[in-house]
Amino acid sequence: MLPRLMIVIPCYNEEEVLPITSKLFREELEGLIAKNKVSPDSRILFVNDGSTDRTWDIIRGLSDECELFEGISQSRNRGHQSSLLAGLMEARNMCDVTISIDCDGQDDVSAMDRMVDEYLDGAEIVYGVRSARKTDTFFKRFTAQSFYRLLNGMGAEVVYNHADYRLVSSRALNEFADFREVNLFLRGMFPLVGFKSTCVYYERNERLAGKSHYPLSKMLGLAIDGITSLSIKPIRFITVMGIVVALFSFIGVIWSIIQYFLHNTITGWSSTVSIICFIGGIQLISIGILGEYIGKIYLEAKARPRYIISERTFEDNAEHRG
């Protein structure tokens with residue numbers, strides 16, 4: 001029996017690019033169906049993340065025109081990770097396997113063919129990995145590569161150069177549903193599920209239309225969320241740094257006492273101010289890192305819904321929380 005596939009695509013203010021990329025997604029899915037790799041009941045599921053433009057109207061129009069398209073809409077904008085989670089959780093009971101991909105057309109849709117092959121060969125999770133970043137600027141390439149190195153260095157288990165283009169079986173999604181974190185960093189959470197996994201490599205393209213919704217500020221925020229949600233290494237680093245500073249401070253105290261008895265001491269304003277600024281800076285940084293973790297605990301303790309679906313193209317006026 002052929003597996004039923006759901007292609008999950010988060011969308012936020014994508015009215016410029018959606019009419020273009022929707023055709024690419026449809027052609028790829030029809031090709032997979034024609035090759036008898038997936039069931040004819042397979043679908044493309046768009047997730048509207050509270051867009052302020054005509055994105056939801058376009059999704060509804062696509063659904064009316066072609067049965068391959070379906071859509072759900074969040075009650076408000078909650079961010080890319082929340083929308084992707086909403087789509088995956090919505091799809092897991094309606095299919096055998098999902099493939100998540102961004103709407104901008106930068107990820108090579110033809111890689112889905114190889115992803116499905118890996119799934120049919122026994123893989124439960126297949127990561128789409130960018131083999132090159134030729135279309136990125138030097139700054140974008142440098143910051144992206146630094147982003148992955150930082151995450152791995154801080155203990156977050158992520159696949160290098162993998163974003164959110166991945167195939168996940170419904171079996172893996174059912175286990176993933178037990179991960180109840182409010183602070184979402186999906187590319188670091190899926191490796192924690194386990195099961196057999198592999199990678200498919202592809203070249204990243206330029207955005208087909210519209211503007212990127214992931215500037216440097218959001219990338220930095222995502223990195224902070226990834227590190228503080230998946231690792232306690234920064235707290236351990238504070239402890240080690242505190243021990244090192246305390247050790248040098250103790251040595252400095254011994255040295256100052258010796259110099260005092262040797263009558264070599266003089267009044268030093270610069271050294272005093274430097275030491276105070278150094279210690280004060282370390283304390284503020286440490287408090288800030290601890291504050292990030294306390295803030296995460298605060299949000300997790302509230303246990304608010306991670307997404308709220310207000311509309312579906314296949315079930316009007318439905319509402320679901322997750």
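**Exercise 1. Work out how the ring of Tyr 165 is placed and paired in this predicted model.**

Solution. Start with burial: Tyr 165 has a relative accessible area of 1%, and buried means under 20%, so Tyr 165 is buried. Next, look for its partner. Tyr 165 forms an aromatic pair with Tyr 202, which is buried as well at 3% relative accessibility. Now the geometry: the centres are 5.3 Å apart and the planes stand at 75°. Planes over 60 degrees apart count as edge-to-face, so that is the label for this pair.

**Exercise 2. Classify the pair made by Phe 176 and Phe 190.**

Solution. The ring centres lie 4.2 Å apart with the planes at 10°, so this pair is stacked. Phe 176 sits in helix H6 and Phe 190 in helix H7, 14 residues apart. Check burial too: Phe 176 comes out at 2% relative accessible area and Phe 190 at 0%, and both values fall in the buried class.

**Exercise 3. Describe how helices H1 and H2 meet.**

Solution. First take the axes, which come within 11 Å and cross at roughly 35°. The crossing is right-handed. Then list the contact: H1 supplies Leu 18, Pro 19 and Ser 22, while H2 supplies Thr 55, Ile 58, Ile 59 and Leu 62. Sorting these residues gives five nonpolar, two polar and no charged.

Technical notes:
Residues numbered from 1 in each chain as written. Predicted model: local features only at pLDDT ≥ 70, side-chain atom pairs only at ≥ 80, totals over all residues. Heavy atoms only, no water. Axes fitted to C-alpha atoms, helices over the stretch in contact; angles between N-to-C directions. Helix = DSSP H or I, 4+ residues; strand = E, 2+ residues; numbered from the N terminus. Left-handed = near helix turned anticlockwise from the far one by under 90°. Contact = heavy atoms within 4.5 Å. Nonpolar A, V, L, I, M, F, W, Y, C, P; charged D, E, K, R; others polar. Phe/Tyr/Trp six-rings, centres within 6.5 Å; stacked < 30°, edge-to-face > 60°. Buried < 20%, exposed > 50% of the residue type's maximum accessible area, 1.4 Å probe, protein only.
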